[in-house]
Amino acid sequence: MERSLEQSNMTRVQQFILLGLSTRLDIRDALFAVFLSLYLLTLLENTLIIYLICSHSELHKPMYFFLGNLSCLEICYVSVTMPTLLVGLWTGPYHISFTLCMTQLFFFIVLICTECTLLASMAYDRYVAICRPLHYPLLMRPQVCLGLALSSWLGGLVVSVAKTTCIASLSYCGPNVLNQFFCDVSPLLNLSCTHVALTELVDFISAIVIFCGTLLVSLASYSAIGMAVLRMPSAAARRKAFSTCASHLVVVGIFYSAALFIYCRPSRIKSMDLNKVLSVIYTVVTPLCNPIIYCLRNKEVHTVLQKTFHWP
């Protein structure tokens, strides 16, 4: 009875205060200009890639189908997290309603889980293209590509529904200050005034399944590609293949290293400054670098760019 009275007397938090990326007035303006430029550049890069893939039939291939999906995802991804980052740098710490915070969290989880699965699908596509080229038209036919893309988006949606429901059902009685530039899992768990063991378990298991599962698929695919490349008789072909795989692995490695450090830990993260730095890596840096690594260094894309803009 006494416990129920205490719980009824607890005031549920109706809004949170996001401290933002930095509270230092002397660097906020400079950071705002930098991140606004990065945001616009990311939107431009990915929009250009989507336009090129849709408007040129020579890019209607499985690899570019997945790249188009990835570019759509990156546009949504940065548009979920970057606006609150920019507002925080422009105005300083600001209030965000509980509903809007949970909405941002929901879309963020959908997109980060979908990206993991898409990266694994792209790694598998390259494995089939290099290691089983004769079976490529069958194994990567349009129905298979569409199925992989749909399963990536639906898988992210299912995981996000489960995780967001668990986090939204927790009680938040104060304080309501989030030391982050967007509504993220760990800062919200740190503010909960109820037992979070079950929510942390759901978060940890889903992270293991999504992050580690897709990472293993990517590593297995690139390992098989590496072995196949070593058997190539031409030194020039080996250098070209290794250059492509190495650049892909850099993006995958940076993304997974930052994300796994945060989301595959069963305990709450105390070092929130480190959390913010790592969050910048996979919410800002990887969406910016992915188009450059996967597309803009590609000869077929260069050819299409030359045709589109009439470059010599």
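Some ground rules come first. Residues are numbered from 1 along each chain as its sequence is written, and side-chain values use heavy atoms, leaving out hydrogens and water. In this predicted model, local features need pLDDT of at least 70 and side-chain atom pairs count only at pLDDT 80 or more, while totals for chains, interfaces and linings use all residues.

**Cores**

Let's begin with the nonpolar cores, each a set of buried Ala, Val, Leu, Ile, Met, Phe, Trp, Tyr and Cys residues joined through side-chain atoms within 4.5 Å. Buried here means under 20% relative accessible area, exposed over 50%, and partly exposed in between, with a 1.4 Å probe and protein chains only. The largest nonpolar core has 78 residues, and the members touching the most others are Phe-16, Phe-35, Tyr-172, Leu-188 and Tyr-256. Helix α4 (residues 98-131) supplies the largest share of this core, 14 residues. Helices are DSSP runs (H or I, at least four residues), numbered from the N terminus. There is also a second, separate core of six residues, including Tyr-222, Ile-225, Ala-241 and Cys-245.

**The α4 and α6 pair**

Helix α4 packs with helix α6 (residues 142-168) at an angle of about 145°, and their axes are 8 Å apart. The axes are lines fitted to C-alpha atoms over the stretch in contact, and angles run from 0 to 180 degrees between N-to-C directions. The crossing of α4 past α6 is right-handed, a term used if the near helix is turned clockwise from the far one by less than a right angle. Among the residues that meet are Phe-98, Met-102 and Leu-105 in α4, and Leu-148, Trp-153 and Ile-167 in α6; contact means heavy atoms within 4.5 Å. By class, this contact has 16 nonpolar, seven polar and one charged residues. In that count, Ala, Val, Leu, Ile, Met, Phe, Trp, Tyr, Cys and Pro are nonpolar, Asp, Glu, Lys and Arg are charged, and the others, Gly among them, are polar.

**Individual residues**

| Residue | Relative accessible area | Class |
|---|---|---|
| Gln-104 | 8% | buried |
| Arg-28 | 9% | buried |
| Leu-148 | 24% | partly exposed |
| Thr-81 | 1% | buried |
| Leu-249 | 35% | partly exposed |

Gln-104 sits in α4. Its side chain makes a polar contact of 3.1 Å with that of Thr-84; such a contact is a pair of N or O atoms within 3.5 Å, and within protein one must be able to donate a hydrogen and the other to accept it, with residues adjacent in sequence counting only if both atoms are side-chain atoms. Beyond neighbours within four places in sequence, Gln-104 is in contact with residues including Val-80, Thr-81 and Phe-182. Thr-81, in helix α3 (residues 62-91), touches Gln-104, Phe-108, Phe-181, Phe-182 and Thr-283, not counting residues up to four places away in sequence.

Arg-28 belongs to helix α2 (residues 25-55). Its C-alpha atom is separated by 7.0 Å from that of Trp-90, 62 residues apart along the chain.

Leu-148, in α6, touches Phe-66, Ser-121 and Met-140, not counting residues up to four places away in sequence.

Notes:
Helix = DSSP H or I, 4+ residues; strand = E, 2+ residues; numbered from the N terminus.
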